[in-house]
Amino acid sequence: MIFDAPKFRDRTDAGRQLAAAVTGFAATDPLVLALPRGGVPVGFEVAKALRARLDVLLVRKIGAPGHSEYGIGAVVDGENPQLVLNEEAMALVQPSDEYVEAEKRRQLLEIERRRNLYLGSRPAASVLGRTVIVVDDGIATGGTVRVALKALRKDQAAHVVLAVPVAPQDTLDLIKADVDEVVCLATPEPFGAVGQYYEDFAQTTDAEVVRLLQQAEQFEKKSSMRSAG
């Protein structure tokens, strides 16, 4: 579905619209991974509609020595957290192995802190052999999500789906190599900031993320009990 002036009331509305577009995956027992913070309200609606587990997909950039904004790679959360390096950036910067390892450890600690904040002691879900639906509230350049998708491939997810309300087509064209399917409700051109396609794009808080993840866990438990019964 493509339209010239996409408008979502808020992330909940976007999530419900997106959920309607991915209902066909319900039979695959998918795992929904949302990029916090803004992707969680969207992913919550998708997971609820599919009766699927909702988890967060945490990504932390590794910056170049002395230039932290220039990414040379990233660490991606998961059952087996992964380091994904940008080969072109690595060749240009040529950081030492010691620097990369130290930054990896530092970002892993931050990922652990955020996971504990959002999910307590609940371990990251395994993606091995599963259909995984990666959800965000929108994509502009796609740098972060591409790193996350590459990591899911390495973790041997069986089928990887990127599902977003809005993104530019040229970014989606780049991402298609890293996924099995892309579901995007709107690809406006020219593309502005993601927030301009929402009537309410207020920042998602940590408290809201925690609340939604707790609700999703309760939905998952009730669904499992119904299935067992």
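**Close-up 1. The largest nonpolar core.** In this predicted model, the largest nonpolar core has 44 residues, and Leu-18, Leu-54, Tyr-118 and Leu-213 touch the most other members. Such a core is a set of buried Ala, Val, Leu, Ile, Met, Phe, Trp, Tyr and Cys residues joined through side-chain atoms within 4.5 Å, where buried means under 20% relative accessible area (1.4 Å probe, protein chains only). Helix α2 (residues 39-50) gives this core its largest share, six residues; helices are DSSP runs of H or I with at least four residues, strands runs of E with at least two, numbered from the N terminus.

**Close-up 2. The surroundings of Leu-54.** Leaving out residues up to four places away in sequence, Leu-54 touches Val-32, Ala-34, Gly-43, Phe-44, Ala-47, Arg-122, Leu-213 and Ala-216 (heavy atoms within 4.5 Å).

Close-up 3. Strand β4 (residues 67-76) pairs with β5 in the antiparallel sense over four bridges; pairing takes at least two DSSP bridges. Val-76 has Gln-82 in β5 as its bridge partner. Five residues lie between the two strands of this hairpin, and Gly-78 in the turn has a positive phi of about 160°.

**Close-up 4. The two faces of β5.** In a regular strand, side chains alternate between the two faces of the sheet. Which residues of strand β5 (residues 82-85) make up its covered face, and which its uncovered one? Gln-82 and Val-84 are on the covered face, Leu-83 and Leu-85 on the uncovered one.

**Notes.** Local features need pLDDT of at least 70 and side-chain atom pairs pLDDT 80 or more, while totals for chains, interfaces and linings use all residues. Residues are numbered from 1 along each chain as its sequence is written, and side-chain values use heavy atoms, without hydrogens and water.

Notes: Buried means under 20% relative accessible area, exposed over 50%, partly exposed in between (1.4 Å probe, protein chains only).
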